[in-house]
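Subject: Structure for you to look at

Hello,

Here is the structure I said I would pass on. Please open it first, then read the notes below.

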Amino acid sequence: PVRVVDKPVPRHRLQVTQRVVDVPSVLTQERPVEVPEVLLVEALTEVPRPEVQTVPVEVPKVVSVQPHEVVEEVPMLVHQERAFEIPEVQYVEAVTQVAA
C-alpha cells in the first residue's frame with residue numbers, strides 16, 4: 001500500500017524596497033579648439049595632348065552611266081488666274097433705343 005506523508009516546505013517571500021544612493025561622478029566637457037595645420041598637397045593638372053595620324057583609305061570611285069533618253073516636248077496651255085473685286089450692295093436694318 002501507498003502511504004501519503006505531508007512534508008512541510010518553507011515558503012520564501014521576497015520584498016523589494018527602493019533606495020536612492022548618490023554616487024559621485026566626474027563630468028567631462030569637450031570643447032573644440034582650432035589647431036592651425038599646414039598640409040602639403042601636390043596638384044596635377046592633366047591636359048589631353050591630341051595626336052593626329054593620317055590613315056590612307058582607298059574609296060572606290062563609282063561611276064553611274066545612264067542610257068541616253070529622248071525627251072519629247074509637248075505643247076501645253078498655261079492658265080493664269082487673277083482675283084478682282086466685285087462691288088456688292090448689302091442692306092442692313094438698324095434698331096436704336098431711345099431713353100424715355
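Predicted model: local features only at pLDDT ≥ 70, side-chain atom pairs only at ≥ 80, totals over all residues.

Overall form: the protein chain has zero helices and zero strands. Its radius of gyration is 58 Å, well over the 13 Å that the globule rule gives for 100 residues, so the chain is more spread out than a compact globule. The C-alpha trace spans about 140 × 95 × 75 Å along its principal axes. Of the 100 residues, 0% count as buried.

Charges: the protein chain carries 9 positive and 16 negative charges.

Salt bridge: the count comes to one. Arg49 and Glu51 form a salt bridge, with 3.5 Å between the closest N and O atoms. Side chains of opposite charge can pair when their charged atoms come close. Arg49 counts as exposed because its relative accessibility is 69%, above the cut-off of 50%. Glu51 counts as exposed too, at 61% relative accessibility.

Nonpolar patch: Val55, Val57 and Val59 make a nonpolar surface patch of about 340 Å². One of them, Val59, has a relative accessible area of 68%, so Val59 is exposed.

Regards

Terms used:
Residues numbered from 1 in each chain as written. Heavy atoms only, no water. Patch = residues over 30% accessible without salt bridge, like charges linked within 9 Å, V, L, I, M, F, W, Y side chains within 5 Å. Areas by Shrake-Rupley, 256 points an atom, 1.4 Å probe, with all protein chains shown as cover. Salt bridge = Lys/Arg side-chain N within 4 Å of Asp/Glu carboxyl O. Buried < 20%, exposed > 50% of the residue type's maximum accessible area, 1.4 Å probe, protein only. Helix = DSSP H or I, 4+ residues; strand = E, 2+ residues; numbered from the N terminus. Rg over C-alpha atoms; globule rule 2.2 N^0.38 Å. Lys, Arg positive; Asp, Glu negative; His and termini not counted. Charge placed at Lys NZ, Arg CZ, Asp CG, Glu CD.
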